[in-house]
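These are my notebook entries on a structure that is new to me. I wrote them while looking things up one at a time.

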Amino acid sequence: MKLQKNTRLALYSVLEFALDPARQIAAAEIAAKYGVSPHHLAKVLSELARAGVVESVRGVGGGYRFAGNARRLTLMDVIRMFEELSEPDGERREPGERTPVGRALSAVLSEIDEIATATFSSITLATMLRLLERQQRQAANAARLSGRAERAAARRAARRD
Amino acid sequence: MCVILFAGRVVATRRARREGPDGARTQAAPEPAPVVAIRAVRRGDLREIVAIDAAVTGIEKRAYWHALFRRYGVAGDADRQFLVAEADGAVVGFVIGEVRDWEFGSPPCGWVFGIDVRPEARQRGVGAGLLAAICAGFRRAGVTKVRTMLARDNTLILSFFRSQGMMAGPFIPLEMDLAHGGPR
């Protein structure tokens, strides 16, 4: 399953908002962080607001803030807002899909899609936030250990001098 | 025998606060939290375990659970664990697993092959408590990895394991329909 640009942007944004649900974040801040145009992001955010996942905050320092339930909302719920996931109808089928080789290849591609769907459907935003926290903790530990090793190496070098 | 006690509601609330923004909005329930004890299974628990499994899966498997009890109901064996969660004198959940050596070429690791919580006792941290208890047992048995496998359309339990930090492992399950093909 290849996610479209808008879907990825929606996932980035929703996770940014869910990280601190009380905080209102300007679209420009997220756009700058992920290197996209604010105009493009605005369309994605307005779709998320329509679905009730975020809400817009007007006035000075306005922006958006999280309005969903992080323990219930899955990655798949967000993906479905931006991707057409239903089986393609006859007209939209790829050429050759109805041939024996095409059907065999479709079976393999469906297998991959089913696994991807199961994965996205089983991961809530709360789970993603914990994964993020765990990765940051691991990175901090690795940095601390690396710093300690560097300091020890510097001490050894100083003693040799 | 190792018994772990916790107040289900309190543990769930603390975890929710730690877990994320939604948890911060979780309100403590006004009624006192039932104390949940996690302990090794006893023969007398089997009737309730069969009932929980039947309620969740729709199939009553009495002989299967009695056979599992004979194999895994040995208290003190860290390699084979069959634990139950008990609240107000009733079994509200169970977990079962074992250490498997070199299966699929993998160094010894813990496998959880059954976990369930009575539907009305969910959302109180009972499942998380059971998983933590069996993982503690696996650590005592000297393994550093725990695995499980479940149907990909079982989103509820998949979400539970994901929420506890489990990720996709390095193995891919494969199967074949013997009635319509396969090597002969």
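Which residues does B:Leu83 touch, not counting residues up to four places away in sequence? I keep in mind throughout that this is a predicted model. I looked up the contacts and found B:Ile38, B:Arg39, B:Ala40 and B:Val41, together with B:Phe94, B:Val95, B:Leu130, B:Ala133 and B:Ile134.

Entry on the cores. I next asked where B:Leu83 belongs, and found it listed with B:Phe94, B:Val95, B:Leu130 and B:Ile134 as the residues with the most contacts inside the largest nonpolar core, which has 31 residues. Several elements of chain B each supply at least two residues of this core, including strand 2 (35-40), strand 3, strand 4 (90-100) and helix 5 (126-140). Apart from this core lies another, of 26 residues, and among them I noted A:Ala10, A:Val14, A:Val44 and A:Val78.

Entry on B:Ala87. This residue is found in strand 3 of chain B, which covers residues 80-87. I counted B:Ala87 as partly exposed because it has 19 C-beta neighbours inside 10 Å, whereas a buried residue needs 20 or more. The C-alpha atom of B:Ala87 is separated by 4.7 Å from that of B:Val36, although the two residues are 51 apart along the chain.

Entry on chain A as a whole. Its secondary structure comes to six helices and two strands, and from the N terminus on the elements run α-α-α-β-β-α-α-α. The radius of gyration is 22 Å, well over the 15 Å that the globule rule gives for 161 residues, so I take chain A to be more spread out than a compact globule. The C-alpha trace spans about 75 × 50 × 30 Å along its principal axes, and 20% of the 161 residues count as buried. Of the contacts in chain A with a separation of 6 or more, 66% are between residues 24 or more positions apart.

Entry on where the chains meet. I found 13 residues of chain B in contact with 19 residues of chain A. Helix 2 (21-24) and helix 6 (155-163) of chain B each supply at least two residues of the side that touches chain A, and helix 6 of chain B gives the most, with five residues. By class, that side of chain B has three nonpolar, five polar and five charged residues.

Methods
Residues are numbered from 1 along each chain as its sequence is written. Chains are lettered from A and ligands numbered from 1 in the order in which they are written. This is a predicted model: local features need pLDDT of at least 70, side-chain atom pairs count only at pLDDT 80 or more; totals for chains, interfaces and linings use all residues. Two residues are in contact if their C-beta atoms, placed from the backbone, lie within 7 Å. Helices (H or I, at least four residues) and strands (E, at least two) are DSSP runs, numbered from the N terminus. Ala, Val, Leu, Ile, Met, Phe, Trp, Tyr, Cys and Pro count as nonpolar, Asp, Glu, Lys and Arg as charged, and the others, Gly among them, as polar. The radius of gyration is taken over C-alpha atoms; the globule rule is 2.2 Å times the number of residues to the power 0.38. A residue is buried if 20 or more other C-beta atoms lie within 10 Å of its own, exposed if 12 or fewer, and partly exposed in between; C-beta atoms are placed from the backbone. A nonpolar core is a set of buried Ala, Val, Leu, Ile, Met, Phe, Trp, Tyr and Cys residues joined through C-beta atoms within 7 Å.
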